[in-house]
Amino acid sequence: MDRTQVVLSAGAIRRQEEFTRRIAALHRQRAHPPLAMVDTYGCQQNVADSQRIMGMLRDMGCGFTQEPGQADVIVINTCAIRENAEKKVFGVVGQLVHVKEKNPEAVICLCGCMAQQEIVAEKIRRSYRHVDLVFGPQALWKFPELLYGVYTEKRRVFSTGDEYGTIAEGLPVVRESGVKAWVSIMYGCNNFCSYCIVPYVRGRERSREAADILAEVRQLAEAGYREITLLGQNVNSYGKDLDRPMDFADLLREIDKIPGEYLIRFMTSHPKDAGEKLFETMAACSHTARQLHLPVQSGSSRVLKAMNRGYTREQYLEKVRLARQAMPDIVLTSDIIIGFPGETEAEAMETVSLIEEVRYDALFTFIYSPRPGTPAAKLPDPASRAEKQRWFDKLLDSQNRISAQLHQSYVGKTLRVLADGESGDGLWPLSGRTHGGRLVHLKGGRELVGRYADVKITGSNTWALFGEAL
């Protein structure tokens with residue numbers, strides 16, 4: 001890709017800063033400072049996007065609220081990965097008509113992956129006329145200009161065209177925690193898995209310059225952030241579009257040189273691009289978590305080919321072997337789709353046998369959800385919903401048993417845990433994560449929040465560990 005088209009110029013960013021100043025001036029004319037609400041659905045990339053939207057709103061003079069009835073600007077940042085997520089968003093947006101009735105001056109915005117789909121944008125245009133601004137992920141950087149158009153021209157604004165994907169450096173950000181931070185290292189996807197809408201709504205892969213990523217991580221480490229997660233639709237593709245050759249393993253090594261008490265996690269890691277160099281680099285880097293989320297999606301080579309995943313069952317298992325060879329203590333998690341169009345019960349059971357062989361610490365599991373506009377949505381799908389549910393239940397039974405066994409093996413051990421928040425549970429008042437990303441409910445004072453502690457693990461269940469800070 002042409003980097004001069006991908007990376008926005010300083011002039012383009014300054015133009016948006018000027019619109020931000022104009023909106024701030026309009027806001028100062030109000031009797032009370034405006035409040036904004038940003039409601040986020042979907043993946044961590046959406047969370048990172050929302051934090052930049054919040055940064056822009058803050059610079060416009062907005063405070064923040066979680067109550068729609070109090071908000072003057074409402075931003076719904078959406079996910080298009082599954083049908084249930086879309087239905088939930090339409091329900092939430094539908095309810096906002098009552099906010100608009102009570103406060104006609106409130107501005108309601110819909111953004112994110114759903115908004116980039118033409119069919120969704122048209123539905124909003126026709127049936128949700130109380131929504132004022134609709135924009136996709138590629139247009140996020142010009143949110144100030146779009147909002148200014150709503151304010152000054154008193155019209156609805158839609159920015160959902162097939163825009164060239166860009167990288168906008170220097171956008172303001174509001175991080176909602178002083179403990180954990182998200183750092184996007186790249187945007188878009190080139191994989192075109194046959195079931196996935198993401199490449200169509202987030203555009204082609206484009207990597208941030210390493211110097212910009214390193215500067216952001218260094219700033220976060222110096223500010224005391226303890227856990228920094230690198231984000232991309234496929235972080236293993238990082239660097240392929242850069243003028244100066246650098247792959248994801250090289251980037252990890254450079255980040256690891258930054259001093260500080262912090263841990264680096266990353267997601268998502270596509271199996272076809274994960275290899276021995278990455279695993280050996282993870283093992284060698286003291287700041288990199290011994291955790292790997294490696295989505296397999298299916299245990300059947302035929303289904304994997306139909307999904308356009310780019311590897312076979314055997315190739316995937318070899319990657320797992322190499323990862324465990326480099327890091328015997330690695331915590332492995334994955335994504336699974338059950339009921340892909342044309343999948344048979346025997347093929348679904350191949351997936352169950354794969355998780356029995358790999359023994360993941362945890363899984364994110366889904367029954368296939370057709371996404372209009374993807375190749376898989378056009379495939380014959382003879383299996384009934386009831387059949388798919390039965391296969392799904394077998395998968396869950398196996399994984400829950402494995403997770404419970406693996407978690408039980410931690411009992412009696414002392415683990416390094418980052419206490420990342422309060423739980424609201426009187427018995428286990430704090431929550432935290434192990435080096436491998438396992439959830440821990442623990443006893444200890446609130447002064448531990450944001451700190452690493454040695455925790456004696458005293459109990460476990462299928463989903464979490466329980467312990468006491470020493």
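Q: Arginine 126: buried or exposed?
A: Arginine 126 counts as exposed, because its relative accessibility is 54%. The cut-offs are under 20% relative accessible area for buried, over 50% for exposed and in between for partly exposed (1.4 Å probe, protein chains only). This is a predicted model: local features need pLDDT of at least 70, side-chain atom pairs count only at pLDDT 80 or more, and totals for chains, interfaces and linings use all residues. Numbering starts from 1 along each chain as its sequence is written, and side-chain values use heavy atoms, without hydrogens or water.

Q: What does the arginine 126 side chain meet in a salt bridge?
A: Glutamate 122, at 3.7 Å, N to O. A salt bridge puts a side-chain nitrogen of Lys or Arg within 4 Å of a carboxyl oxygen of Asp or Glu. Glutamate 122 is partly exposed, at 32%.

Q: Where do glutamate 122 and arginine 126 lie?
A: Both are in helix 7 (residues 118-127), four residues apart, about one turn. Helices are DSSP runs of H or I, at least four residues; strands are E, at least two; numbering goes from the N terminus.

Q: OK, what about lysine 257?
A: Its side chain pairs with glutamate 254 at 3.0 Å, N to O. Lysine 257 is exposed at 60%; glutamate 254 is partly exposed at 28%.

Q: And which residue does glutamate 261 pair with?
A: Arginine 416, at 3.5 Å. That pair links distant parts of the chain, 155 residues apart. Glutamate 261 sits in the loop between helix 11 (248-256) and strand 11 (263-267), arginine 416 in strand 15 (residues 414-422).

Q: How many salt bridges in the structure?
A: 35. Arg52, Glu169, Arg175, Arg208 and Glu216 form a linked network of them.
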